[in-house]
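Open the model in your viewer and keep the selection panel at hand. The stops below go from domains to helix pairs.

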Amino acid sequence: MGSDSGWKRVLRGVLLTIVALFFLFPIFWVFLMSFQTNETILRIPPSIVFEPTLQNYVALISGKLVSNAGVLEIAFMKNLGNSLILSVVSVALSLLLGVPAAYAFARFKFRLGEDIAFTLLSFRFAPPLLVLLPLALYFQSMGLIDTYFGLIWVYQLITLPLILWIVRGYFEDISEDIEYAYRVDGNSWLRTFLKISVPLARPGIAAAMLLAFIFAWNNFVFALILASADKQPVTVGALAFVTASGIQYGQIAASIVLSVTPTLLLALYAQRYLVEGLSLGAVKG
Amino acid sequence: MSAAAKRPFMRLALPYILSLPALLVCIGILIPFGTAVYYSMQRYNLAFPMGRGFIWFENYQAFLTDPAFWNTIRVSLLYTFLTVTFELLLGLGVALLLQRRTLMNNVLSIMLMLPLMIAPAIAALMWKLMTNPNFGILSYLVGLAGLEDFKWASDPGTALFTVVLVDVWVYTPFMMILLLAGLRALPRQPFEAAELDGVPSSFVFFRITLPMLTPYILTAVLFRMLESIQQFDIIYAMTQGGPGDTLMVFQVQAYLERYQYTNVGRSAALLMVLWAITFILSNIFVKQWLRLRERARGV
C-alpha cells in the first residue's frame, strides 16, 4: 500500500486502461455494429465513423428478415418473450418455494433439512446434461417436452438451490431474540415470519433474486435440449438465428445487443447485491 | 410460544412442510440421476432399439481402449487448466490494481463485471463476429500485425486458444470480484506494521497478502474448476467441438454422442465419468467454502 511514486501511478493507469479495453471493447464494438448496414460493416479498413441506421432493429422487431434471397420470417422477438416468461416465472416460483424452505433450514435443526440442503448443493455442480438426458426421454413420454410448464419446472434446478443457499445465510444472521420477542407478544409463527424475518432478510432475498434471474436468463443447455424453436429463449434462439440469417451481420449484432441488454442493465442497477450474491455469501466485502 | 405450544404437531411438522418443495426438487434431480446411472450400464442406441440390454460396465470398459475418450480427457483437463490459470492470474492482478477504494476503482470494478452478466453462449457469438475473417476487428488487427492467415476458432492449431480467450473474457470478472472482496476484507494491521518497518512491497505481497488471501483464492479456483471442466455453452456455440475433435470436452462429446449418434448408453457413461470428477471437486469445494464462510462470520 502506501503512497505511490509518479511512475507507479502511470503504470497503474496504463494497465487499467488495457484491462478495461479488453473487457469492455467487445461489448462496445458489437453495439456499434448493430447500428450499421452490411456495407459499412464489411468496409476495409473498419472505421467508427458511419451513418447509424435502425434497420437491423426494425427487421428483428417486425420479424421479417429481408435479404437477397427473399424475405425470411424470424421468431427472434418470440424468443425474447420466452426468455422473459421463463426467467420471471421461474424466479417467482423459486422465491415462493425457496424462501420458506431457507427459513426452515436456518431455524430448525432437523436431519432431513441438512440432507436436502447438501443434496441440492452437490447437484448444483453436477453436469447438467447428466440430468437432462434422461429427463428429455421422460418429458417426451409425459408430454412435457417443449412446454413452458416443463421448462419452468426444470429451471427450478437453477434458481431454487441458489435462492435456498443465499437466503439461508441471511436468515441465520438474524438474531432469534427479535423473533422471539415478537412471538411472546402473541403473534403467530406465520406473522412473525412475514413481518419480522422476511423484511430483515430482504437484502439477501434481493441478491438471490437478481442472481437467479440472470442465471435463468443466461441458461442455454436446458432449452437446447428440452424446447423447440417455439419455446426457446434468446440464448438458443440467437444461435439458431445466426445459422438462419447467414451473412446478415448487422442483424446478428442487433440480436446480440437485444439479448444481453436486460441482464447488463440489471447488473448496473443492482451491482452491490450482485457482488454479495456472486461470492455466495462467503465474503461480505 | 402460545400458538405453537397448543399444537405440538404443527411445531414438529413445520420444518418438513416448509422444506417439502425443496425435497421435491431433490427427488426431481435424483430420479433422472438414477436413470442415467442405469442407462450408462446399458447397450442403448435409439437407432437400434432391438439391441437394447443390460451390459454392466461394458460401456466404461470400452472407454479404456477408445482414443476418442482419452482425447476428451486430455482436452477437458487442458481447457480447465488453461482457463483457470489465466483467470486466476488476471483476476488477481486486476483485483490488486483496484484494491484501494477510490471512486474510479469502484466504477471500474462495476464495469468490469459486465462480461460475466452476458450469457456465455451469446459471448461466444460476439467473439465469433470479432474473429470473422471478412470484417472481424480482431482478424483485421492481427492482419495488421502481419499474421495474414490467422483463422482463430476454425484452425485446429488456434481453436483452443480462441475458446480459452472467450472463457477468460467471460469468467475473469468472477475471480476478480471474489478476490477483490477478499483483499478488502483483510485486516489492516499487518500492512501498517510492514509499512512502518519499511518492508519492501514484493516481500509484503508474497509473505503477507498472498498467504492471507489463500482461502479466497482456493475457493474461487475450486469453483471455477468445477464449472470449467463442464464447459459446454461457449464451446458448443463457437465450434461445436470442432474443428475435427480439437475441442471435444466432456459435455460436448456427450451431447453429440446422444443427438448425433443416438447412443444413449455411451453418452450416459461418459457423463458419469465427468460426474465422478465433479463430485470429488465439489466435496473439496464445499468444505473450503464453509470454512471461509465461518471465518467471514467470525470476524
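Begin by colouring domain 1 and domain 2 of chain A separately: their C-alpha centres lie 31 Å apart. Select 6–73 for domain 1 and 76–278 for domain 2; such bounds come from an automatic or database domain assignment. This is a predicted model, in which local features need pLDDT of at least 70 and side-chain atom pairs count only at pLDDT 80 or more, while totals for chains, interfaces and linings use all residues. Residues are numbered from 1 along each chain as its sequence is written, and chains are lettered from A and ligands numbered from 1 in the order in which they are written.

Next, show where the domains touch. In chain A, 17 residues of domain 1 are in contact with 14 residues of domain 2 (contact: C-beta atoms, placed from the backbone, within 7 Å). On the domain 1 side, at least two residues each come from α1 (6–33), α2 (38–41), α3 (55–62) and β1 (64–67) of chain A. Helices here are DSSP runs of H or I with at least four residues, and strands are runs of E with at least two, numbered from the N terminus. Select α3(A) in particular: with five residues, α3(A) gives the most to this side of domain 1. Coloured by class, the domain 1 side that touches domain 2 has 10 nonpolar, seven polar and no charged residues. Nonpolar means Ala, Val, Leu, Ile, Met, Phe, Trp, Tyr, Cys and Pro; charged means Asp, Glu, Lys and Arg; the others, Gly among them, are polar.

Now select residues 111–124 (α5) and 148–173 (α7) of chain A. These helices pack at about 125°, with axes 10 Å apart. Axes are lines fitted to C-alpha atoms, for helices over the stretch in contact, and angles run from 0 to 180 degrees between N-to-C directions.

Which residues of α7(A) meet α2(B)? They are A:Gln156, A:Leu157, A:Leu160 and A:Leu164, and across from them are B:Ala22, B:Val25 and B:Ile29.

Methods:
Contact = placed C-beta atoms within 7 Å.
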